[in-house]
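Visitor: I have a model open here and would like to talk it through with you. Could we start with the aromatic rings and then move on to other things?

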Amino acid sequence: MAWHWIGIHNINEYLSNYYLFNIFEKDLNEKVSSWIQAANASAENLNPALGQTNLSPEAFFPWNKLKEFGRSFNAIRERGLRLGAKDQPFSRVTRLANQLLPALGYPTPDPFSLAVEKVTIPVYSKVVASNGDPLLWVLLTVGARDDETFLRNHSFDGGSLNQNSVPLVTGVDNERLIQKIFFRQDSSPRWLLFVGIDGLALIDRNAWHDKKYLQFDLTEIFRRREEITIQAMALLLHRQSICPEDNLCFLDELKDNSRQHSEGVSEDLKFAVREAIELLVNEVLHSLTQDPGKSPNAANLDNRDLGPVDPDGLTKECLRYVYRLIVVFFIESKPELGYAPMKSPIYLKGYSLAFLREIVENFRLKFETADEDFLHQSLTKLFGLVYNGYQDKTPAAKNGSDPEVYQNIFVIEPLKTHIFDPDYTPTINKAKIRDSVMLKIIDLLSISRAAGRGKGRRGRICYATLGINQLGAVYEELLSYRGFIAKENLAEVKRAKAGYGAREVRYFVP
């Protein structure tokens with residue numbers, strides 16, 4: 001699915017990337033449908049006899065009010081560009097907030113200030129619960145488009161002026177201010193909405209410990225004026241979603257949905273990795289016991305010329321090897337990381353895992369029965385590039401004297417981590433992994449599981465939608481996974497009433 005949400009930044013995965021890419025649009029469409037139904041009912045219930053003007057249902061759509069605000073925002077922005085330094089950022093943000101907040105369903109601003117640990121916190125507007133507890137505070141700030149600069153900016157008081165007729169500014173940056181609001185006072189709001197010159201940030205106290213939040217680039221959103229993005233902005237920021245009168249926060253429902261789908265993907269990936277490890281372990285053992293050059297007719301692994309094999313050690317080696325594949329899939333799917341040189345035709349068609357996967361697809365029948373180790377050798381070369389790095393040092397590459405050479409060079413910075421360190425996989429290094437087995441391993445990490453009858457076909461896993469937190473959680477959980485080397489043929493059995501799924505407990509008996 002294409003990424004619709006340009007201008008909406010999901011900082012540190014406030015909602016999981018997988019959810020935003022694959023599920024969020026469905027939830028958005030359902031919410032928009034409910035808004036349309038409510039708008040139709042509101043339009044029908046207007047009574048002209050009571051002085052209520054006839055309005056079309058569109059007038060009640062929350063995203064339409066945001067589109068109207070977009071025209072005002074562009075006018076405010078153009079005026080600021082025209083006036084330059086004469087247009088004070090404080091007055092500009094105040095004008096913007098006064099038109100934005102009503103469009104999002106928030107009450108008329110009522111500025112106030114309070115002192116927390118010798119810092120005056122300026123609150124421009126608020127939403128409170130029926131019992132008077134704070135739910136949401138709005139703060140004005142000279143915002144920026146990237147999260148690092150935004151957190152370092154200061155908020156200011158839109159309702160008070162100092163002796164020089166300049167708004168009062170807090171003495172701490174926004175990040176420290178958030179800490180003081182959430183954790184240094186007895187009664188703090190659940191939500192903070194920062195309004196800046198070019199953007200907004202919605203901070204959730206329940207997610208702030210991981211610095212997770214949502215940020216909105218108003219310039220980008222209202223320059224493009226894509227209806228689906230403005231609808232998404234309304235869904236994520238409107239008072240009905242965050243602080244509804246019935247206290248049923250719709251954004252919490254989205255977060256729960258996001259967490260459930262994220263955990264589901266992680267669970268599926270965990271079992272795919274486990275199965276890939278089992279395949280790889282068995283193939284390594286097969287290679288080391290069947291290779292005539294090492295130990296012909298070896299019936300007992302402990303009697304091999306290569307010495308005893310530690311089951312736990314080999315399991316960890318194979319976990320590292322499988323995760324090498326996952327990490328490369330991940331970095332090649334995310335060009336914004338700037339690590340894998342996917343724009344280089346030499347890397348793309350000579351080394352990349354993405355192209356290797358295409359080769360497998362095009363010649364699947366050959367690889368399914370192949371005893372060669374072309375895939376393993378290719379991956380060994382790729383993993384070496386990742387671990388050691390690569391930079392073309394030829395004179396033509398250095399000075400760009402040969403345009404054709406210069407166009408095709410690529411650079412990889414060394415990734416010196418134990419996952420890619422060949423010293424951490426000594427047993428696998430000595431083995432020959434047949435293409436027929438490596439094909440199955442690549443399939444497990446490339447193709448999603450079939451969800452059962454009627455649940456759709458298997459499809460290619462999109463690593464661009466996965467978050468680093470999901471990949472890390474899968475890796476950490478599998479560190480405790482242990483295998484053993486069978487000394488005799490075993491049968492895998494289950495309890496009579498247990499199911500056949502991969503998550504069911506199994507037992508091994510002679």
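Visitor: How many aromatic pairs does a search of the whole structure find?
Guide: This is a predicted model, and a search of the whole structure finds 19 aromatic pairs. One of them is formed by tryptophan 35 and tryptophan 63, a tilted pair with 6.1 Å centre to centre and 35° between the planes.

Visitor: Which helices do tryptophan 35 and tryptophan 63 lie in?
Guide: Tryptophan 35 belongs to helix H2 (residues 24–44) and tryptophan 63 to helix H3 (residues 62–83), so the pair ties together parts that are 28 residues apart in sequence.

Visitor: And are those two tryptophans buried or exposed?
Guide: Tryptophan 35 is buried, with a relative accessible area of 6%, and tryptophan 63 is buried as well, its relative accessible area being 3%.

Visitor: Why is the pair of phenylalanine 69 and phenylalanine 222 called edge-to-face?
Guide: The ring centres of phenylalanine 69 and phenylalanine 222 are 5.6 Å apart and the planes stand at 75°, so the pair counts as edge-to-face, the cut-off for that class being over 60 degrees. Phenylalanine 69 lies in helix H3 and phenylalanine 222 in helix H7 (residues 218–224), so this pair ties together parts that are 153 residues apart in sequence. Both phenylalanine 69 and phenylalanine 222 are buried.

Visitor: What about charges, say lysine 416: which ring does its charged end sit over?
Guide: The charged end of lysine 416 sits over the ring of tyrosine 387, at 4.1 Å from the ring centre. In another case, lysine 366 has its charged end over the ring of phenylalanine 367, 5.3 Å from the centre of that ring.

Visitor: Changing topic, which residues of helix H20 are buried?
Guide: In helix H20, which covers residues 468–478, the buried residues are Gln470, Leu471, Val474, Tyr475 and Leu478.

Visitor: What does H20 give to the lining of the second largest pocket?
Guide: H20 gives the most to that lining, with 6 residues, while strand S1 (8–11), helix H1 (17–22) and helix H11 (311–333) are among the elements that each supply at least two. The second largest pocket has a volume of about 720 Å³, and of the 25 residues that line it, the closest to its centre are Asn17, Phe330, Lys334, Leu466 and Ile468.

Visitor: How many of the lining residues are nonpolar, polar and charged?
Guide: By class, the lining of the second largest pocket has 14 nonpolar, 7 polar and 4 charged residues.

Methods. Residues numbered from 1 in each chain as written. Predicted model: local features only at pLDDT ≥ 70, side-chain atom pairs only at ≥ 80, totals over all residues. Heavy atoms only, no water. Buried < 20%, exposed > 50% of the residue type's maximum accessible area, 1.4 Å probe, protein only. Helix = DSSP H or I, 4+ residues; strand = E, 2+ residues; numbered from the N terminus. Phe/Tyr/Trp six-rings, centres within 6.5 Å; stacked < 30°, edge-to-face > 60°. Lys NZ or Arg CZ within 6 Å of the ring centre and 35° of its normal. 1 Å grid on protein atoms, 1.4 Å probe; cavity = no way out; pocket = protein on both sides within 12 Å on 5 of 7 lines; lining within 4 Å. Points joined across faces, edges and corners; volume = space filled by probe spheres on them. Nonpolar A, V, L, I, M, F, W, Y, C, P; charged D, E, K, R; others polar.
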